[in-house]
Each structure stands twice: as structure tokens, then as C-alpha cells.
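Dear colleague,

Please find the structure below, for your records and further work.

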Amino acid sequence: MRQRHILLVGGIGGQGHELAKATALGLRHSMIQVPEWASAEQAANTARYAVLDYRDPDEFLPLVRDWHAADPFDAVLSFTEYGLEPASRAALELDIPGDNLAAVLATRDKTRTRALLDRHGLSPVRHRVCRSEQDAAAFLADVEGPIVLKPPAGGLSEGVYVVESAQQLTERWAWTTSVSGRRSVLAEEYLTGPEYSVESMSRHGTHEVVMITEKLTTDFPGFVELGHQSPACLDPGERGAVEDLTLSFLDLIGQRTGPVHSEVRLTPHGPRIIEAQTRVGGDQIWEMCQMVSGSDQITETMCALLDLPDPPRVPQARAAAIRFFSCEEVRVRHVEGVPDAERAPGVVRVECTLRPGQELGPLLSSADRQGYVLCAGDSTKDAVAKAEAARELVRVDCVPLTTAPARRSGT
């Protein structure tokens with residue numbers, strides 16, 4: 001019997017988790033990776049491996065066609081933000097499983113998401129596409145309350161800022177446009193209430209919510225995530241409302257097969273969609289989902305596209321929590337206690353990139369954090385307590401920078 005062969009476009013943080021999961025299923029796999037995430041380990045474990053910018057269709061698609069002609073693929077997959085559209089277009093080009101293009105296009109551009117929700121009267125949020133600071137000022141006056149400025153497309157919480165008054169607008173408009181790379185900015189009313197992420201799995205248009213996670217973010221003006229914990233502590237009515245909204249949203253965007261990471265705020269008027277991506281959740285949320293629900297979304301997607309039996313779901317913990325190292329505007333003099341944190345109760349993993357001599361600027365995006373502590377627990381409260389206790393065991397001696405670095409644009 002011929003061994004199944006898949007094409008992977010990019011990888012989660014360049015770590016190659018998808019490769020190990022494909023190997024565990026007995027699949028052959030080829031991979032196309034961007035230069036900044038390429039590694040010898042990835043290349044050593046693939047049938048074919050190429051390093052190029054897969055966002056460039058003139059470079060990407062001819063290579064995919066050549067590979068497929070020489071050694072046919074059975075499916076194309078991507079679990080990373082910028083690989084989603086190229087993977088879907090490759091699947092369409094080759095006429096093999098992996099097309100999720102309608103859902104990808106509906107969610108990659110946040111203005112398109114808002115327009116789609118508006119047309120169907122789902123999750124109403126006042127918003128405006130602003131092409132100038134004056135447009136944003138008019139919207140701020142209309143809303144008569146805080147607004148959020150965000151790049152129409154992007155990730156890592158870069159360029160997302162709250163504006164509470166007209167006096168703040170010029171500065172924060174400049175921050176957002178420096179990240180977006182264009183003058184168009186999506187402005188939305190600021191929604192109050194706790195924020196959650198919803199991890200879902202779809203199989204040929206049938207959807208399932210597998211986990212809801214609570215979020216901890218920085219205070220105004222930004223929204224950099226400092227931690228997550230799951231399962232979320234919601235009462236049955238709140239949970240039902242969040243799940244119903246998510247399932248309706250998945251139908252609306254035309255989601256077919258694979259995971260979706262939806263961000264939702266539970267406002268006094270009910271849950272509202274903030275944004276969504278047709279991939280697994282970042283920040284190790286995909287791993288927390290597997291720990292708590294037993295749902296390995298990456299493996300389940302491969303199985304669904306290849307008509308293989310679903311893998312068994314075997315939860316490893318009742319709850320999980322992650323807390324990030326988030327020093328900012330300091331010079332690091334000394335770091336100790338990482339081994340102590342690694343041995344602390346409930347700890348699954350400690351990743352710490354803090355090093356003596358580092359000069360850390362402001363915390364502008366998820367990429368500015370310096371690692372994390374991931375813990376398991378008997379309850380959500382227990383997992384949070386263990387994660388925070390373990391993080392405190394890592395002692396960082398630092399001094400404020402005498403001259404704070406300028407607020408910089410994203411990359």
C-alpha cells in the first residue's frame with residue numbers, strides 16, 4: 001500500500017511539531033519553510049524541503065507543481081498564520097484536500113470579518129475603516145467612548161491600541177499605522193468584559209468547540225497577552241452563549257476542515273467576536289487544548305483530510321495555565337532560579353530567554369516576551385497558582401534603562 005504524502009507549508013514557530021505528528025501517523029511529508037524559521041532538523045526529516053517565501057505565489061506555486069508531478073501529495077496543510085492562504089491555493093491548484101480558502105480570506109483581513117458579520121447581523125460591533133486620523137477622530141466622537149485601533153491584518157497583538165480621548169489619538173494612530181504598513185486602520189468600539197479564546201475543530205463543515213480559554217493581557221493602551229488558563233470558569237449559560245456564537249461564526253465564514261482560534265469578549269450584551277484565525281491557537285494554547293481536552297487538533301486535521309480514523313482523545317490534565325516572562329524597558333543584570341522553576345509542582349515546561357546584558361524595550365507584541373512557564377493542575381485555579389508560583393522562582397535582577405528605546409514598529 002502506498003504511503004500517504006503531505007505537504008506542510010510553514011510550521012508553528014518553526015519548531016516542527018507538525019512533522020513529529022505526521023511521522024507518528026506514518027505519513028511521508030515535505031515542507032516549505034520561510035528562511036527565518038528554517039532548521040537542519042526540519043530538513044533531515046522531510047522527503048523534500050525548500051526554504052523560500054511561500055507568500056510569493058510566483059515562487060511558491062511552480063515549486064509545488066513540480067514536486068507534485070514528481071511525487072504526488074495527498075493533502076496540503078498549514079498551521080501557521082501566513083501559510084494558510086498559500087496552502088489553500090496550492091490545494092486548489094493541485095485538486096487535492098486542503099482547501100479552506102473561503103474561511104482563510106474571511107478571517108485574515110479583519111475588515112472583511114466585520115463586514116461579513118454585519119451583513120448577517122451576527123455579533124454587532126460598531127466599527128469603521130479609517131483612512132486618516134481625521135476619520136478616526138470622527139469615529140471616536142460618534143462612539144462617545146474608548147475605541148480600539150488595529151491593523152486590518154496582522155498578529156501577535158502588534159499595533160492594537162485603545163484610544164480613550166482625542167488627546168491620545170495622534171500618538172496611537174502613529175503607533176498603529178507604523179505596524180500596519182499602510183494608512184488604512186480598523187477602528188472599533190472598545191468592548192468591556194472578560195476575554196476568551198475558543199478552540200474549535202471542523203470536519204467537512206461540521207463544527208465542534210473543544211476548549212474555551214481565559215486570557216490575561218496587559219493594561220491599556222495595548223493588549224499583549226501575559227497568560228492563559230483553561231478550562232475557562234464560565235457558568236452554563238455563558239458557556240452556551242459563547243459556543244453558539246462560535247458555531248454560527250464558523251458556518252458564516254465557510255470553515256471546512258481544521259482548527260479555528262476565535263477570540264471572544266463576553267460583554268454585558270452577550271458575547272462578541274473580536275477576531276479569528278483558521279489555525280490552532282498560539283502561545284501554546286494548542287498544547288493546553290491537547291492537555292485538557294485530549295484534542296490534538298493538528299493530528300485530527302491530518303486524519304480528517306486523509307480519511308484516517310480520528311485519534312483517541314486522552315486528556316492529560318484537568319486544567320492548564322501558562323504565564324509569560326514580560327520584562328520591559330530594563331537592562332538584565334542576572335537571572336537565576338530557572339532549574340528551581342523546572343522542578344516546581346505541576347510544571348510541564350519552562351522556557352526562558354532572559355540573559356545578562358539584555359536591554360529590553362517596551363512590550364509591544366507577543367514577540368517581545370521572554371519565554372513562559374506552562375503548568376498542569378487539578379483545577380483552573382490550581383493551575384494558575386502553580387504557574388505563577390513557578391514563574392516567581394525565576395529571579396531577574398534588572399535596572400531601568402536610563403533612556404527608554406523609542407516605540408518601534410513591528411516586523
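Please note that this is a predicted model. Helix α10 (residues 285-293) is largely enclosed by the rest of the structure, because eight of its nine residues are buried. These are Ile285, Trp286, Glu287, Met288, Cys289, Met291, Val292 and Ser293. After α10 comes Gly294, which has a positive phi near 85°.

Helix α5 (residues 101-108) is likewise mostly covered, with six of eight residues buried: Leu101, Ala103, Val104, Ala106, Thr107 and Arg108. These buried residues pack against α4 (84-94), α6 (110-119), α9 (236-253) and β13 (270-277).

Turning to charged pairs, the whole structure contains 29 salt bridges. Among them is the pair of Asp71 and Arg48, with the closest N and O atoms 3.0 Å apart. This pair links distant parts of the chain, 23 residues apart: Asp71 lies in the loop between α3 (57-70) and β4 (75-77), and Arg48 in the loop between α2 (40-44) and β3 (49-51). Asp71 counts as buried, at 14% relative accessibility, whereas Arg48 is partly exposed at 27%.

Another salt bridge joins Glu81 to Arg279, the closest N and O atoms being 2.5 Å apart. Here 198 residues separate the partners, with Glu81 in the loop between β4 and α4 and Arg279 in the loop between β13 and α10. Glu81 has a relative accessible area of 12% and is therefore buried, the cut-off being under 20%. Arg279, at 15%, is also buried.

Yours sincerely

Notes:
Residues are numbered from 1 along each chain as its sequence is written. This is a predicted model: local features need pLDDT of at least 70, side-chain atom pairs count only at pLDDT 80 or more; totals for chains, interfaces and linings use all residues. Side-chain values use heavy atoms; hydrogens and water are left out. Buried means under 20% relative accessible area, exposed over 50%, partly exposed in between (1.4 Å probe, protein chains only). Helices (H or I, at least four residues) and strands (E, at least two) are DSSP runs, numbered from the N terminus. Contact means heavy atoms within 4.5 Å. A salt bridge is a side-chain nitrogen of Lys or Arg within 4 Å of a carboxyl oxygen of Asp or Glu.
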